[in-house]
2 protein chains.
Amino acid sequence: MQRPSVLGVTYLALGEPDYPVRLQAIDDPPPLIAVRGNRAALALPAVGIVGSRNASAAGAKFAQMLARDLADAGFAVVSGLARGIDAVAHRAALTTGTIAVLAGGHDRIYPPEHTELAQALLANGCAISEMPLGWEPRAHDFPRRNRLISGLALGVVVVEAAKRSGSLITARFALEQGREVFAVPGSPLDPRAEGTNSLLKQGATPVTEAADVISVLEPILGRPAAPVYQPPEPSGLANRADSEEAAARVMALLGPTPVTIDDLIQLSGVGAAVVRNSKSPDGWRGSAVGASPWPVETHFSSI
Amino acid sequence: MQRPSVLGVTYLALGEPDYPVRLQAIDDPPPLIAVRGNRAALALPAVGIVGSRNASAAGAKFAQMLARDLADAGFAVVSGLARGIDAVAHRAALTTGTIAVLAGGHDRIYPPEHTELAQALLANGCAISEMPLGWEPRAHDFPRRNRLISGLALGVVVVEAAKRSGSLITARFALEQGREVFAVPGSPLDPRAEGTNSLLKQGATPVTEAADVISVLEPILGRPAAPVYQPPEPSGLANRADSEEAAARVMALLGPTPVTIDDLIQLSGVGAAVVRNSKSPDGWRGSAVGASPWPVETHFSSI
């Protein structure tokens, strides 16, 4: 599964356990994605934040606030590493895990001036690409790439967008993929708000603060993005017999349909420690702010 | 019905034929309204345009465009003669008929600097008040007055509004009265957009151009606000026997529920001239731009 390569790129094939669950659900998931950085970020619940390359100061400021607040709430911020809104969103979520989806190969960062940003986000987040190393991104690779931004995410927020812009393509993919579409309102006299206002007219959810996004996504997620701290289990549960019985209960709950660790804890009535010991999660590293010590998107199943 | 008084004020009592049809339908219609100016404006399909007293330049510019375009489309613009958005909306619709709803008596124009505007709108539009002459408007007369702005209108557009503003009270009245609520989007960083964005989150229709309002209101109206010119009927229809039979068909369609002249024409399959001759509409004076020569809000019924 972990196949280190040049630049520290590893690959995830469709069907492999770590392949992002939501991306797997789209119509045309990439058969193979090349990943650099902290793959655990791919297991966080994710929100796309996209927008104009020539963002206004207000748009950039808002994107920054929004990305930071969503990151603090436990979401990975997914974007396209482009100039403007994309870059602002990635930067605001550097410490908690942000995901950059590239249109070219990992060694062909576009725009070139974001090479440093792409490197910086690898510590807690990751960059992914469906293109081979050496692939120079062409114009039509960008819209194609956009389906992965929405595909990784529970929903996409369009912060600023002119009438015909790439961000609207991402919003269209989100709709087609059954993901939530959010749009930030703007003055009708501001051409950078034409696209977002038009999304609002089509039924997108208006966003003026992170809470507007969280209140829509948490019910889909079925729980807060960043679960509250679970205190250690009472010592009695360390008893081996109890523990074996509990593990059997957990195993009985597993079937072909993936289930989250939180659901398992709730459904089994068994302590979190026992559920966790039923399978050892792979190397997720905790992030700075309000994150769980466990992969919040880890899915357990019997197959 | 026409009782000329000081300042040329006439009165309309609830139940009188010229009492505005939609206002009559609200829970607490004023038993008597004092009207100055061209009463025929009260028979036009109306849209409320309201907003901040301390409007931004962009907000004022947008209100102007919107009011002019809605006026050109055949709508009367209703507002509260306040500073800011209200005044801009009235001014943009001076030539086609705009309705100012006052919080005090007709001889107590508020704010005083709008006395000239109040006078100017009387030529094609009118000012109305449920308060007696000499009534100095107090703080709580303004929210009370707002129910008449929405009550006269098919819908209300809120252009700019801070968090707790009078315009939001008008929007609330509109909702309670079953009228459409429209809101102009604005940047989340602009405090003057807090109220309108909050309305959007509550389900108000986003407005960036007049067409957004017209496309919602025309289906309610059942026809364009300004019907296209109807050519004279072919001479055969002037035949008296045909005409009597047609008139009978029109009469048969009438019942206790009011119906518009356009609906009658469509439902009876009878020429417009015959339907019109079935009852003579009272003195509606045509307005400058794109208006029908017939009272567009005239309702026919058998009682």
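Residues are numbered from 1 along each chain as written, with chains lettered from A and ligands numbered from 1 in the order of writing. In this predicted model, local features need pLDDT of at least 70, side-chain atom pairs count only at pLDDT 80 or more, and totals for chains, interfaces and linings use all residues, while side-chain values rest on heavy atoms, without hydrogens and water.

In chain B, helix H2 (residues 57–72) packs against helix H8 (residues 210–221) at an angle of about 40°, the axes lying 9 Å apart. Helices here are DSSP runs of H or I with at least four residues, numbered from the N terminus; axes are lines fitted to C-alpha atoms over the stretch in contact, with angles running from 0 to 180 degrees between N-to-C directions. H2(B) is therefore oblique to H8(B), since angles under 35 degrees count as roughly parallel, over 145 as roughly antiparallel, 65 to 115 as roughly perpendicular and the rest as oblique. On the H2(B) side, B:Leu66, B:Asp69 and B:Leu70 are in contact (heavy atoms within 4.5 Å) with B:Ala210, B:Val213 and B:Ile214 of H8(B).

Helix H2 of chain B also holds B:Gly59. With 5% relative accessibility, B:Gly59 is buried (under 20% relative accessible area, 1.4 Å probe, protein chains only). Leaving aside residues up to four places away in sequence, B:Gly59 touches B:Ile85, B:Val159 and B:Glu160. Its C-alpha atom is 8.9 Å from that of B:Gly84, 25 residues apart along the chain.

Turning to the two chains, 100% of the interface residues of chain B are also interface residues in chain A, so the copies meet through the same surface.

Note on methods
Helix = DSSP H or I, 4+ residues; strand = E, 2+ residues; numbered from the N terminus. Buried < 20%, exposed > 50% of the residue type's maximum accessible area, 1.4 Å probe, protein only.
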